[in-house]
Amino acid sequence: MSYTLTIVILGTILLGSVAGALGCFAVLRKQSLLGDAIAHAALPGICIAFLITGAKHSTMLVLGAIIVGWLGAIILSIVTQQTTLKKDAILGIILSVFFGFGLVLLTYIQRLATSQKSGLNQYLFGSASTLLKADLWVMGVLGSIVVIMMILFWKEFKLISFDTAYASSLGYRVKTLETVLTMLIVVAIVIGLQTVGVVLMSALVIAPAVAARQWTDRLSVMVILAGFFGSISGVMGALLSSFFYQIPTGPVIVVVMSIIVIISLFLSPLRGIVWEKVRQYRNRKLIYQKKSLYQLWLLAQNHDDLTYAHSITTLEALGFHWALASLQQLVQKGLVYKNKQGHWGLTQQGVTEAQRVAVAWRGEELVKERPDYD
Amino acid sequence: MIEIEIIGIAIVTTLACVLPGVFLVLRGVALMSDAIAHSTLLGIVGVFFLVHQLESPLFILGASLMGVLTVSLTEWLINSKRVKKDAAIGLVFPLFFAIAVILISKYASHIHLNSDAVLFGEIAFAPFDRVILNGSDFGPKALWLMGGILGFNSLMIGLFYKELKVSTFDAGLATSLGISPTIMHYGLMSLTSITAVGAFDSVGSILVVALMITPPATAYLITNSLSGMVMMSCFIGVMAAMVGVFVSLYMDISIAGSIATVTGIFFMLGLIFAPRRGLLTRLLVVKKQRISFSLRLLLVQLLAHEGKASELIENTVANIINHMRWSNKLAQHVVRLGVSKDWLRHQNGRLFLTSLGREVAKREMVRF
């Protein structure tokens with residue numbers, strides 16, 4: 001494995017796992033789009049750091065991004081408290097205005113006579129191939145701090161993610177905890193900016209958490225899974241984009257991550273949409289069968305023989321347009337028979353079963369007193 | 001001449017964005033404009049691969065459909081109850097946008113579409129793309145396109161103003177009046193999509209968001225009526241566009257970025273100085289109320305000790321500062337206000353009620 005490739009893989013594992021893990025708290029606290037705003041807000045921070053230091057020094061750029069991203073988060077919370085504006089409008093303002101200002105600075109930097117090709121453009125869509133060992137160190141140190149803080153404040157963060165009112169009634173300083181958590185999310189986002197880019201970094205915060213949520217109901221498992229999904233898509237995305245020239249890394253990572261989300265949404269055993277549809281289909285089939293049984297039993301009440309057969313048109317006239325299919329299923333179960341005239345009736349076993357359904361639906365008393373009553 | 005055309009395009013684009021933006025902000029779906037603006041890019045790329053040109057009407061239609069598709073997909077995700085609203089928005093559009101950027105960088109980087117232009121757009125180049133019929137020049141294409149979209153937006157919002165208003169402020173009432181909230185919602189989303197598609201060329205996807213959300217949000221801080229908000233947002237938008245273009249031409253920086261920055265500055269100004277809801281205004285009101293309340297408190301205190309032996313000690317400025325734990329400054333403000341209202345007399349550090357002040361104090365006693 002080449003040296004560059006090792007760095008790229010290590011870097012993407014780092015950023016994917018940290019962003020994924022911290023993203024869980026953002027998603028659970030319904031602050032998913034905060035990440036979008038912070039990531040966009042970081043762009044002017046990177047530019048300002050470049051303007052001040054005059055060089056592409058990764059520590060400085062990251063610091064600039066953290067400070068300005070953090071400023072965006074602070075403005076968000078102040079404006080939310082002080083106005084009646086809807087939160088998403090404020091998010092949109094911060095996101096677009098900071099980004100616009102970032103563009104102003106970016107174009108300004110590009111036109112500076114002194115600056116060689118600054119390469120700050122790569123921060124828009126990300127480029128894993130520009131990762132250096134020095135970047136890796138910065139990412140590693142910051143990432144470790146974030147993860148250690150998350151583990152230290154695990155109980156507190158868990159509490160404010162699910163029940164802030166309870167947390168403050170227990171005497172926790174919810175405001176301070178929220179601030180710390182937001183700070184950690186800012187750092188987690190900034191770590192990924194160079195590789196994923198400011199435009200799509202938010203997806204790497206939201207998507208792993210959403211995917212992980214589908215597989216578990218436990219926060220600890222969710223955080224670990226999200227970190228895992230994040231790093232897998234980071235590595236896959238970085239590798240794919242380095243195989244195909246000209247493609248920025250960020251979009252590829254997002255596509256890989258989205259595929260994981262789609263698989264999770266549809267196929268996770270716990271909440272998968274496919275399984276839900278299957279369950280719904282099975283339940284409906286069972287209910288139709290029970291209805292058919294019950295209806296045949298009701299119709300037979302007018303005859304001495306409870307196994308008396310009726311034409312399917314009687315059932316269909318009652319609105320049971322699905323009657324044929326469920327009657328056929330019941331024949332296979334041995335609860336219903338079809339006679340030579342093509343009429344359908346209950347078998348002995350079917351009568352017992354239908355009686356059970358009737359009791360379950362109408363209560364024992366009513367069934368005994370007035371069996372033909374619907 | 002080119003500068004005037006740039007300003008013209010900027011103003012028309014801003015107005016076209018602001019009109020649907022007002023309703024997006026009021027309905028709490030402002031970030032849908034972000035999602036739509038990003039997703040239409042995939043529509044733009046898709047149509048481009050199909051018809052290989054950027055100028056057919058099919059182009060706007062196809063790309064707008066992508067915006068509406070994003071909205072419905074996001075809502076489907078929310079309705080599936082597996083993903084919360086904010087997360088759902090943040091899942092769908094990054095995917096579409098990512099696919100679009102990949103397609104552009106892989107297959108279309110040599111043509112007009114490149115991923116930078118998509119994000120920022122460049123009004124500076126718009127005047128060079130002109131409408132020329134029979135050899136005569138009819139001005140920049142972008143001006144006609146955005147002018148058309150502005151006209152369409154004004155027409156639709158003008159026609160359905162009442163319906164939009166009712167369904168925005170009271171969805172229940174709207175339904176009972178026979179106005180379908182779904183049709184209104186998707187109608188607005190379609191307008192947003194069409195506008196985003198038209199504007200991407202000149203201002204880029206993210207600046208569409210700045211123009212759609214920021215001027216209406218600023219107007220929201222200032223005015224209380226819908227019509228006022230529409231007019232105020234248009235005014236703020238146009239001002240921001242003009243200032244933004246001037247600054248950017250002067251400093252040779254991104255025009256769209258500069259306009260977005262100016263809208264942000266206007267928002268900050270509105271946030272601080274808005275007549276009723278501004279931070280500064282509210283700060284002043286609170287201060288004023290504090291002084292006025294303290295004065296009434298002081299009057300009651302003076303009345304209680306008036307004519308008693310303790311009057312000499314109690315009814316002095318020094319004692320008030322001591323007892324009520326007021327700061328020197330507050331005490332000064334309070335006494336000055338009392339004197340100016342002719343409720344108090346201030347002599348050598350001692351305070352006396354005037355007859356008017358006594359009346360006020362008695363009334364306040366009852367209220368306390």
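Okay, let's start with a term: a nonpolar core here is a set of buried Ala, Val, Leu, Ile, Met, Phe, Trp, Tyr and Cys residues joined through C-beta atoms within 7 Å. Buried means that 20 or more other C-beta atoms lie within 10 Å of a residue's own, exposed means 12 or fewer, and partly exposed is in between, with C-beta atoms placed from the backbone.

Quick housekeeping. This is a predicted model, where local features need pLDDT of at least 70 and side-chain atom pairs count only at pLDDT 80 or more, while totals for chains, interfaces and linings use all residues. Residues are numbered from 1 along each chain as its sequence is written, and chains are lettered from A and ligands numbered from 1 in the order in which they are written.

So, the cores. The largest one has 202 residues, and Leu22(A), Ala42(A), Ile94(A), Leu91(B) and Val208(B) have the most contacts inside it. Apart from that one lies another core of 17 residues, with Trp344(A) and Leu346(A) among them.

Now, where the chains meet. Two residues are in contact if their C-beta atoms, placed from the backbone, lie within 7 Å. Chain B puts in 52 residues and chain A 50. Which helix of chain B gives the largest share of its side? That's helix 4, with 14 residues. Helices, by the way, are DSSP runs of H or I, at least four residues, numbered from the N terminus. By class, chain B's side has 30 nonpolar, 14 polar and 8 charged residues; Ala, Val, Leu, Ile, Met, Phe, Trp, Tyr, Cys and Pro count as nonpolar, Asp, Glu, Lys and Arg as charged, and the others, Gly among them, as polar.

Over to a helix pair in chain A. The axes of helix 6 (133-152) and helix 9 (174-196) of chain A come within 10 Å and cross at roughly 155°; axes are lines fitted to C-alpha atoms over the stretch in contact, with angles from 0 to 180 degrees between N-to-C directions. The two are therefore roughly antiparallel, the word for angles over 145 degrees. Their contact includes Met139(A) and Leu142(A) from helix 6 of chain A, and Val187(A) and Ile191(A) from helix 9 of chain A.

Most residues other than glycine have a negative phi. Lys81(B), though, has a positive phi of about 65°, and sits in the loop between helix 3 and helix 4 of chain B. Asp252(B) has a positive phi of about 60°, in the loop between helix 11 and helix 12 of chain B. Buried or exposed, then, for Lys81(B)? Exposed, because it has 8 C-beta neighbours inside 10 Å. Asp252(B) has 10, so it counts as exposed too.

Key: Parallel < 35°, antiparallel > 145°, perpendicular 65-115°, else oblique.
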